[in-house]
Amino acid sequence: MLRPYKLNGLLMQTQISKHLFETAQNIFPGGVNSPVRAWKSVGGAPRFIARGAGAKIFDADGNEYLDYVGSWGPLILGHAHPRVVAAIQDAATRGTSYGAPCELEIELDKRITQSIPSMEMLRFVSSGTEATMSAIRLARAFTHRDKIVKFDGGYHGHADFLLAKAGSGVATLGLPDSAGVPAAIAATTLIAPYNDLDSVARLFDSHRDEIAAVIVEPVAGNMGVVSPQKNFLSGLREMTRAHNSLLIFDEVITGFRVAWGGAQSLYNIQPDLTCLGKIIGGGLPVGAYGGRRDIMRLIAPLGPVYQAGTLSGNPLAMAAGIATLDAIAAIPNAYAQLDARGAQLEQGLCDGARAAKIPLIINRVGSMMTVFFTELPITNYQFAKTSDMQRYAKFFHGMLERAIYLAPSQFEAMFISLAHTEQDILRTVESVDDALKTLNK
Ligand code: KE4
């Protein structure tokens with residue numbers, strides 16, 4: 001049963017979203033095309049979004065929300081940025097796909113490799129999943145080893161071998177792993193707690209020459225936001241080098257999010273391979289993987305590792321990515337602005353919690369952050385799971401009633417865009433004060 005939503009005392013109409021969701025549930029599994037959109041862990045009926053503009057989204061009933069999901073990360077400029085829309089429209093007049101190389105691929109590559117020099121050579125694909133799946137296949141071929149190490153609560157897309165103890169939607173649904181993944185495949189994936197170097201060392205000791213790669217989100221975004229503790233990333237770099245394994249940074253979220261050069265520039269670590277997605281497509285389907293030239297040379301048609309894609313390097317997606325990166329680059333101190341807005345929101349949330357006597361902690365890196373209702377420091381997925389989910393769900397709905405759209409899951413990040421103004425943050429903080437007070441009732 002939908003809760004009546006009031007905005008400034010007026011009942012928020014949600015009948016159209018409700019009707020659309022009922023229809024969608026008959027045609028899509030769970031009524032959605034990606035599980036986290038079903039709001040399973042926070043309850044209620046998801047809003048069907050009709051359009052976005054800047055920092056705002058508008059649902060099918062015409063309600064306006066301040067958006068802190070931003071399509072799960074790609075929309076660092078906000079919705080429908082004029083430069084991105086114009087680039088897509090212009091590219092579309094020349095066709096939507098060629099299935100052949102085009103200059104736009106070279107233009108986007110140039111911008112990426114100038115910002116992330118560890119990506120000496122890259123391949124565009126159409127999703128983050130394709131990027132990580134291909135990077136792992138490549139690492140296995142390069143090292144002639146089968147096993148990989150990932151972290152409990154890390155999410156790298158839905159390739160079979162990466163679904164073991166995954167975060168994001170898998171964690172949101174409380175699934176231990178995914179059905180349908182053969183035990184033999186799952187057995188090639190070794191798991192360690194995030195931020196726990198000793199556990200990784202133990203895995204290397206017991207699987208000495210079997211580990212092809214360690215894949216890590218350099219800032220975790222899929223157990224909620226969890227930042228790397230001191231020496232965690234540098235320790236992984238040393239350990240993988242010492243064991244002739246590869247270090248893969250999954251920067252699908254953090255690439256161009258936490259810094260122009262991604263998390264690897266923020267923490268000054270050079271991985272062997274990097275996976276990108278989200279922002280480099282500006283909201284269109286793009287992923288990329290790349291790194292050391294001696295490794296990337298193994299990719300077909302140059303080498304024996306096969307990977308392909310009908311829409312890889314799609315001209316519209318390339319144009320959207322180019323326009324997005326150029327628009328960010330044109331904003332002086334863009335990342336300082338994002339960090340300042342994030343700090344303003346973090347401070348407002350903490351002040352509101354103190355006033356309401358509600359225990360909460362914020363994990364934030366730049367413009368990606370997560371609210372956990374707990375007093376414990378959250379440094380890995382096990383700790384994240386101890387935070388109060390019911391409280392998060394109530395907070396989510398409390399903010400939604402006040403037209404603030406947060407991630408419908410504890411195990412996701414919220415994102416601030418360059419379209420969020422200081423006023424937007426102030427309005428959000430006011431709404432937080434109100435919403436937190438309802439949590440004690
Ligand atoms: P896609 O295949 O969804 O484009 O990317 C997979 C992926 C890979 N690596 C990281 C670090 C990711 O966060 C993701 C996907 N992120 C989720 C949200 N946390 C996408 C949202 C969804 O699944 O609907």
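Domain bounds here come from an automatic or database domain assignment. With that in hand, a quick tour: this is a predicted model, and the protein is divided into domain 1 (5-80 + 332-437) and domain 2 (82-329). Both domains give residues to the shell around the ligand, so the ligand lies between them.

**The two domains**

- Domain 1 is made of two stretches, 5-80 and 332-437, while domain 2 covers 82-329.
- If you take the centres of the two domains over C-alpha atoms, they sit 26 Å apart.
- The domains do meet: 35 residues of domain 1 are in contact with 39 residues of domain 2.

**Around the ligand**

- There are 17 residues around the ligand, and the ones that come nearest are Ser 34, Thr 129, Asn 222, Asp 250 and Glu 412.
- Why say the ligand is between the domains? Because domain 1 (5-80 + 332-437) and domain 2 (82-329) each supply part of its shell.

- Thr 129 uses a polar side-chain atom, which lies 2.7 Å from an oxygen atom of the ligand.
- Gly 128 takes part through its backbone instead: a polar backbone atom there is 3.0 Å from an oxygen atom of the ligand.
- Glu 412 pairs up with a nitrogen atom of the ligand, with a polar side-chain atom 2.7 Å away from that nitrogen.
- As for how covered the ligand is, on its own it exposes 540 Å², and the protein buries 86% of that.

**A buried spot: Thr 428**

- You'll find Thr 428 in helix α15, which runs over residues 422-439.
- Thr 428 has a relative accessible area of 1%, and buried means under 20%, so this residue counts as buried.
- Leaving aside residues up to four places away in sequence, Thr 428 touches Leu 66, Tyr 68, Leu 345, Met 399 and Ile 404.

**An exposed spot: Ala 330**

- Ala 330 belongs to the loop between α11 (315-329) and α12 (334-356).
- Is Ala 330 buried or exposed? Its relative accessible area is 51%, and the cut-off for exposed is over 50%, so Ala 330 is exposed.
- Along the chain, Ala 330 and Arg 257 are 73 residues apart, and their C-alpha atoms are separated by 15 Å.

Notes
Residues are numbered from 1 along each chain as its sequence is written. This is a predicted model: local features need pLDDT of at least 70, side-chain atom pairs count only at pLDDT 80 or more; totals for chains, interfaces and linings use all residues. Side-chain values use heavy atoms; hydrogens and water are left out. Helices (H or I, at least four residues) and strands (E, at least two) are DSSP runs, numbered from the N terminus. Buried means under 20% relative accessible area, exposed over 50%, partly exposed in between (1.4 Å probe, protein chains only). Contact means heavy atoms within 4.5 Å. A residue is near a molecule or strand if one of its heavy atoms lies within 4 Å of it. A polar contact is a pair of N or O atoms within 3.5 Å; within protein, one must be able to donate a hydrogen and the other to accept it, and residues adjacent in sequence count only if both atoms are side-chain atoms. Accessible areas come from the Shrake-Rupley method with a 1.4 Å probe; for residues, only the protein chains shown count as cover.
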